[in-house]
Amino acid sequence: MIITEKIGKTHFSASEKIIIDRITSLGTQIENLSASQLAKDTYTSAPLVIRVTKKLGYQGWNDFKTAYVKELEYLLEEMDVDASIPFTIHDNIMTITTNLAKLEKETIQDTEKLLDHDQLAKIFSLLRQCQIIDIYGILDHLILAKHFQNQMSYIKKTVNICEITGNEKIMAYNASANHCGIIVSYSGQTSHLLEVAKIYKNRNIPLIAITCIGENSINQLADAVMYMSSKEMLNIKIGDFASATSLKYLLDIIYAGVFSLNYKENLEQKIVIASLAEDKYSEYEYINEEKQLIE
């Protein structure tokens, strides 16, 4: 829960804490509550309510309220498996494998629901126009980006991945008008990635953000946004099962979308390269093209 975790990491005065406690206790009921009404309920003031929301990175009460209610409603949608703790100490190996399978299916379905047609159209337009794609993220995300980079190489699309921590700004400053950046940040608040987003914004270089739902600092700077399934806690979790599955799915969508822009030529290119570089023989008849040709 991104906003709740942000609340937990923010320092509030005693009076501000009263407001925060009231907000969390009301949950989605704050939707029809004004800043003045909340101030009256907590014996504080409307300006103090606004100050609390600004501490959390929002312009004011209405912006915060909309994002908070949206996140709560999203998180209240039931999933069969907990994205953060998909198995317990008492589960046997078969229960674990079943839960992980369910989690992957539910995560992809959840991610699909978060897709927006207009955002996707803009993303494919940006990627059609650019010659080079730059990807930034934390290590776990960059491992998945390597697969994406390899896929894109089959269709003659250059992808740069910033793999050395500390070099993000250098790579960003070296980007030019024919580049398009992709920043992957689950929270959307990762400090060194936020600096990269600011560089792209200030230099008018297209930028795509892949983040959690709701408003955050990075997606506010981006030209287009894709949302990852966001039901995984930032810190309290067994692994990045859900976020990794979600990101892999989104990167596959980007690859497929770019592929489809020039489908016939890309398919021919992919087949030629695959015939030279990939496995050509298998005992499994269904996938053994050579054996099928012989027979």
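Mentor: Let me begin with how elements are named here: helices (H or I, at least four residues) and strands (E, at least two) are DSSP runs, numbered from the N terminus. Residues are numbered from 1 along each chain as its sequence is written. What you see is a predicted model, in which local features need pLDDT of at least 70 and side-chain atom pairs count only at pLDDT 80 or more, while totals for chains, interfaces and linings use all residues, and side-chain values use heavy atoms, with hydrogens and water left out.

Trainee: OK, where does Thr-53 lie?

Mentor: Thr-53 is part of helix 4.

Trainee: And is Thr-53 buried or exposed?

Mentor: Buried means under 20% relative accessible area, exposed means over 50%, and partly exposed is in between (1.4 Å probe, protein chains only). Thr-53 has a relative accessible area of 1%, so the residue is buried.

Trainee: What is Thr-53 in contact with, leaving aside its neighbours within four places in sequence?

Mentor: Taking contact as heavy atoms within 4.5 Å, and with those neighbours set aside, Thr-53 touches Tyr-58, Gly-60, Trp-61 and Phe-64.

Trainee: Switching to charges, how many salt bridges does the structure hold?

Mentor: There are eight salt bridges, each being a side-chain nitrogen of Lys or Arg within 4 Å of a carboxyl oxygen of Asp or Glu. As a general point, side chains of opposite charge can pair when their charged atoms come close. One of the bridges joins Arg-51 and Glu-16, whose closest N and O atoms are 2.9 Å apart.

Trainee: Why does that pair tie together parts that are 35 residues apart in sequence?

Mentor: Because Arg-51 sits in helix 4 (residues 46-55) whereas Glu-16 belongs to helix 2 (residues 14-26).

Trainee: What about Glu-163, which residue does its side chain meet in a salt bridge?

Mentor: Glu-163 pairs with Lys-146, with 3.6 Å from N to O. This pair links distant parts of the chain, 17 residues apart, with Glu-163 in the loop between strand 2 (158-161) and helix 9 (168-174) and Lys-146 in helix 8 (residues 139-153). Lys-146 is partly exposed, at a relative accessible area of 36%.

Trainee: And which residue does Glu-232 bridge to?

Mentor: Glu-232 forms its salt bridge with Lys-237 at 3.2 Å, N to O; Glu-232 is buried at 0% relative accessibility, whereas Lys-237 is partly exposed at 25%. Elsewhere, salt bridges that share partners connect Glu-16, Arg-51 and Lys-55 as one network.

Trainee: New topic: which helix holds Asn-266?

Mentor: Asn-266 is in helix 12 (residues 263-277), and its relative accessibility of 8% makes the residue buried. Apart from neighbours within four places in sequence, its contacts are Ile-155, Val-258 and Phe-259. The Asn-266 side chain also reaches the backbone oxygen of Phe-259 at 3.0 Å.

Trainee: Which residues line the second largest cavity?

Mentor: Its lining is made by Leu-114, Leu-115, Asp-116, Gln-119, Leu-120, Val-225, Met-226 and Tyr-227. Helix 7 (117-129) and strand 5 (224-227) each contribute at least two of the lining residues, and strand 5 gives the largest share, with three.

Trainee: Last one, what is the phi of Lys-156?

Mentor: Phi of Lys-156 is near 60°, which is positive in a residue other than glycine. In general, most residues other than glycine have a negative phi. Lys-156 is placed in the loop between helix 8 and strand 2, and is exposed at 62%. Asn-204 likewise has a positive phi, of about 60°; it is found in the loop between helix 10 (191-202) and strand 4 (207-211), and at 70% Asn-204 is exposed.

How values were computed:
Polar contact = N/O pair within 3.5 Å; in protein donor to acceptor, adjacent residues only side chain to side chain. 1 Å grid on protein atoms, 1.4 Å probe; cavity = no way out; pocket = protein on both sides within 12 Å on 5 of 7 lines; lining within 4 Å.
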